[in-house]
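Here's a structure to explore together, one stop at a time. Take a look at it first, and then we'll walk through it.

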Amino acid sequence: MADAPMHPDTKVIHAGQRPEATTGAVMPPIFTASTYAQESPGVHKGFEYTRSHNPTRYALERMAAHLEGSQVSEDEDPSCGGFAFASGMAAIATALELLDAGAKVIAMDDLYGGTNRLFSRVRERTQNLKVHYADLASPDWHKGTLCNKTAMVWVETPTNPTLKLADLGEIARLARQANPDVILVCDNTFGSPINQRPLEHGFDIVMHSTTKYLNGHSDAVGGLLVARTPVLAARLRFLQNAIGSVMSPFDSYLVLRGIKTLALRMHRHNESGLRIAQHLERHEMVERVVYPALPSHPQHDIYKKQMTGASGMITFFIKGDIEAARVFLENVRIFTLAESLGGVESLIEHPAIMTHASVPPDQRRTLGISDTLIRLSVGIEDCDDLIADLDRAFAAAAKHAKVHA
Ligand SMILES: *Cc1c(COP(=O)(O)O)cnc(C)c1O
């Protein structure tokens with residue numbers, strides 16, 4: 001990177017940004033033009049057509065590339081190896097086009113549901129991908145799966161909703177040893193570049209659903225890919241334009257605006273997340289809490305090695321049955337019962353009924369997604385208010401259990 005080293009809290013404001021050339025505007029305008037005038041055929045200012053090049057999108061893409069620590073300079077690629085898409089799924093679909101038909105892929109077993117659907121119900125059919133689902137959180141994940149033909153390893157860490165962690169450095173070392181040309185991709189949506197930067201652990205591509213923490217305001221759907229090297233950046237630049245599922249200039253502006261407060265927001269999510277996880281761990285109505293920053297987390301050592309915060313994502317098991325969970329969910333007031341995550345507002349959901357209903361019951365059981373599992377996305381409200389809200393709902397669930405005992 002040409003820029004001097006900056007702390008992430010400074011990067012989110014300045015990285016890859018400069019005042020707009022003609023007016024000095026400190027935020028890039030939303031360049032909505034689909035096409036750009038040329039002085040003579042093929043002679044232009046670097047912009048021809050907005051699917052291929054857009055100044056507002058470039059500003060966001062450069063920011064993302066710097067935040068994730070890409071090695072690609074602006075001389076090597078105009079957006080420094082960052083590429084923005086219309087959704088997280090569009091980013092994933094484009095990344096899979098790096099693979100030839102019939103390629104061998106190893107993927108985390110409890111992938112985001114949409115990713116699992118794209119792999120197993122679309123690309124196994126249309127691209128003949130040979131996807132092997134492995135528990136990449138287990139040190140034995142590679143045994144009998146990894147080989148010199150493994151073309152891609154697709155990792156999510158922490159996973160959703162069981163918050164398992166995979167050791168990025170160790171996966172990169174083993175996979176590269178087996179096949180030096182393997183492409184290592186990490187979906188960093190739950191981590192965010194404030195808490196975890198997979199490229200620094202030897203990964204090749206970072207993927208984000210910007211819908212979540214990066215935009216952070218629950219008002220735009222989008223995705224990103226960031227390449228570590230100029231070679232991969234060139235391949236993704238070609239595919240982004242060839243496939244065309246690009247982020248709009250307006251959404252690019254919204255996500256860039258959201259990122260300005262990413263560091264502030266993540267510090268708050270981390271702090272409140274930890275406090276609430278500790279409170280839950282002490283609560284008599286709670287069976288078990290899963291939160292990577294708690295010493296009780298099964299992969300707490302990996303957390304300490306590769307993350308600097310555990311965000312606002314907490315999973316816990318309420319005591320009792322599905323009825324206790326239902327009464328609890330009906331009695332929160334500040335937490336909104338909704339899918340999605342990573343916004344300024346606190347959300348709560350029941351994966352078995354909501355986000356993971358499409359996962360067959362026996363597979364849900366294998367993954368540990370029981371009927372009493374509740375997922376929180378802790379927002380940036382006052383933490384005492386949030387704790388009081390949860391306690392009120394616990395009291396309602398306890399009362400219900402007593403009446404129906
Ligand atoms: C939401 C999400 C996606 C998909 O992103 P969309 O923006 O909804 O298309 C992929 N991975 C993870 C981990 C997600 O949370």
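**A walk through the model**

With a relative accessibility of 0%, F328 counts as buried. Keep in mind that what you're looking at is a predicted model. F328 sits in helix α11, residues 322-330. So what about F316? That residue is buried too, with a relative accessible area of 0%, and its place is in strand β9, residues 313-318.

A pair of aromatic rings is described by the distance of the centres and the angle of the planes. For F316 and F328, the centres are 5.8 Å apart and the planes stand at 85 degrees; planes over 60 degrees apart count as edge-to-face, so that's what this pair is. Because one partner is in β9 and the other in α11, the pair ties together parts that are 12 residues apart in sequence.

How many aromatic pairs are there by this rule? The count comes to seven. Another of them is F47 with Y58, which is tilted: 5.6 Å from centre to centre, with 45 degrees between the planes. F47 lies in the loop between α1 (8-14) and α2 (55-68) while Y58 is in helix α2, so this pair links parts that are 11 residues apart in sequence. Together with Y36, F47 and Y58 form one aromatic cluster.

Let's stay with α2 for a moment. This helix has 14 residues and reaches 20 Å from its first C-alpha to its last, close to the 20 Å expected at 1.5 Å a residue. Of those 14 residues, 14 are buried, so α2 is largely enclosed by the rest of the structure. At its start, a side-chain oxygen of N54 comes to within 2.9 Å of the backbone nitrogen of T56. Just after the helix, G69 takes a positive phi of about 75 degrees.

Most residues other than glycine have a negative phi, and most peptide bonds are trans. S311 has a positive phi, near 65 degrees; this serine is in the loop between α10 (300-306) and β9 and is buried, at a relative accessible area of 2%. S340 has a positive phi as well, near 75 degrees. You'll find S340 in the loop between β10 (336-337) and β11 (347-349), where it counts as partly exposed at 30% relative accessibility.

Which peptide bonds are cis? One joins T157 and P158, with omega about -5 degrees, and another runs from N160 to P161, with omega near 0 degrees. P158 lies in the loop between β4 (150-156) and α5 (168-178), and P161 is in the loop between β4 and α5 too.

Last stop: the ligand. Among the residues surrounding it are S87, Y112, D187, T211 and K212. By class, the shell has four nonpolar, six polar and two charged residues. A nitrogen atom of the ligand is 2.7 Å from an N or O atom in the side chain of D187. Taken alone, the ligand exposes 380 Å², and the protein buries 93% of that.

Methods. Residues are numbered from 1 along each chain as its sequence is written. This is a predicted model: local features need pLDDT of at least 70, side-chain atom pairs count only at pLDDT 80 or more; totals for chains, interfaces and linings use all residues. Side-chain values use heavy atoms; hydrogens and water are left out. A residue is near a molecule or strand if one of its heavy atoms lies within 4 Å of it. A polar contact is a pair of N or O atoms within 3.5 Å; within protein, one must be able to donate a hydrogen and the other to accept it, and residues adjacent in sequence count only if both atoms are side-chain atoms. Accessible areas come from the Shrake-Rupley method with a 1.4 Å probe; for residues, only the protein chains shown count as cover. Ala, Val, Leu, Ile, Met, Phe, Trp, Tyr, Cys and Pro count as nonpolar, Asp, Glu, Lys and Arg as charged, and the others, Gly among them, as polar. Rings of Phe, Tyr and Trp (its six-membered ring) pair if their centres lie within 6.5 Å; planes under 30 degrees apart count as stacked, over 60 as edge-to-face and the rest as tilted. Helices (H or I, at least four residues) and strands (E, at least two) are DSSP runs, numbered from the N terminus. Buried means under 20% relative accessible area, exposed over 50%, partly exposed in between (1.4 Å probe, protein chains only). The expected span of a helix is 1.5 Å times one less than its number of residues.
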